[in-house]
Amino acid sequence: MLPGIEKLLLEGISSVARARGFAEEGDVRIVDRYIGTQILISTLFAVGVLSFVIVLGNLFQELFPRMAEGTVSVGDAFQFIGLVLPYSLIFTIPWGFLTAVLLVFGRLSADKELISFRMAGMSLPRICLPVLVLGLVFSGICFWVNVSIGPRSEQAISFLIFRAATEKPESLFVEDRVFSELDDKRIYIGRREGRTLYDFHLVEVDELRRATLYVQAEKVTLNSLPSESAMEMRLENAYIEAIEGGDFREKAPLRVREHFYRVDLSGLKSSRFKTGQLDNAALREALRSGDLDQGQRQEVFSELSLRYSLSLACMTFGLVAIPLGIRTQRRETSTGFVLSVVIAVVYFLFIVFAKTKRAEEGWLPHGLVWLPNALFLGLGIWLFLRVARR
């Protein structure tokens, strides 16, 4: 190309860019506000929708059946919503940010606005600066929720369940579902009428989740013992069998017309060791105390690593979402939402897998929780470099 023509074209491009208001340094800040505002508003909207869905799902699963039966009051339902909502932010903030970045950059790419910014001399990393800033802000919020708000909410939910159980023990049981909130018991009922249970099955398990006692009864009547943090079950036409040396007084299977079985409900309280209900300071204090066995220490290390890893999910999702949003070049929200669902599901499946291995030796679960961040960061950097070179 002739030097004169090349110079003329460059001047023309520069003048067009200035006319669009993006060439001067002061106007670059307008671009930052323009992109940042869209991502912020979209993130807040997405977080609100996702949190509503999660809370509503928990209400349908946990409370609505009990409210219909009168075992849970409306006040307890609203308290449950107030506790689940902040806990859900651990997942909805990163997911909402991912959805927002995908939608905003997909639209910017479809409307050719990214081309205008780059013609004005802005590099892709500079265009994406608002995403980095908001990612850091949301990561900080996620860290605060993970280390403080989330554990307190989980502890309060546990206490709410414990209070309801001691006052109305029938609220623990839902038809055709296994009750497993107590570490040493699994209880299934086929039908419930008030405090009377039918088709009752109970299995006691040891620390290794091996069955030690099996109890089956045609009918069970519940009696609350709030002062003792327990409930008493009156079993009728029961079959009782000790398994692998269970502690029942008779080794042979028994069939009895009536038997009283006491269930200690203190295990529902937050007083037992639950890493998810302890903040970081309490977890570190537990490590320093030396009272934990090897499995519990590994669980604490895994919980601490998980909280830090989840706090960085916003940065990871933002880096992946930018190139994917640019490449899709779609204005519709459906494409961006579907992509966000796929990415979030894959990411959180890694987290769930790591949590299931937290008590098993040889898996290094405190390292496994960092695997999704490492994989998605690597993928995001590779995609971003490819898009930036275009």
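First, a word on the ground rules. The model is predicted, with local features needing pLDDT of at least 70 and side-chain atom pairs counting only at pLDDT 80 or more, while totals for chains, interfaces and linings use all residues. Residues are numbered from 1 along each chain as its sequence is written, and side-chain values use heavy atoms, leaving out hydrogens and water.

**The sheet**

Helices (H or I, at least four residues) and strands (E, at least two) are DSSP runs numbered from the N terminus, and two strands pair if DSSP finds at least two bridges between them. Here 6 strands make an open, antiparallel sheet in the order 1-2-3-4-5-6. Strand 1 (178-179) and strand 6 (254-264) are the edges, each pairing on one side only.

| Strands | Bridges |
|---|---|
| Strand 2 (residues 185-193) and strand 3 (residues 196-205) | 8 bridges |
| Strand 3 and strand 4 (residues 211-225) | 9 bridges |
| Strand 5 (residues 230-242) and strand 6 | 10 bridges |

The hairpin of strand 2 and strand 3 has 2 residues between the strands, and glycine 194 there takes a positive phi near 65°. Strand 3 and strand 4 also form a hairpin, with 5 residues between them; arginine 209 in that turn has a positive phi of about 65°. Valine 203 has tyrosine 214 as its bridge partner in strand 4, and isoleucine 240 stands opposite leucine 254 in strand 6.

**The cores and the helices**

A nonpolar core is a set of buried Ala, Val, Leu, Ile, Met, Phe, Trp, Tyr and Cys residues joined through side-chain atoms within 4.5 Å. Buried means under 20% relative accessible area, exposed over 50%, and partly exposed in between (1.4 Å probe, protein chains only). The largest such core has 49 residues, with Ile39 and Phe105 making the most contacts inside it. Helix 3 (residues 74-110) supplies its largest share, 11 residues. A second, separate core of 25 residues includes Leu172 and Leu202.

Contact means heavy atoms within 4.5 Å. Leaving aside neighbours within four places in sequence, isoleucine 39 is in contact with residues including Phe97, Val101 and Phe105.

Threonine 92 also lies in helix 3, and counts as buried because its relative accessibility is 0%. Not counting residues up to four places away in sequence, threonine 92 touches Val47, Leu50, Ser51 and Ile54.
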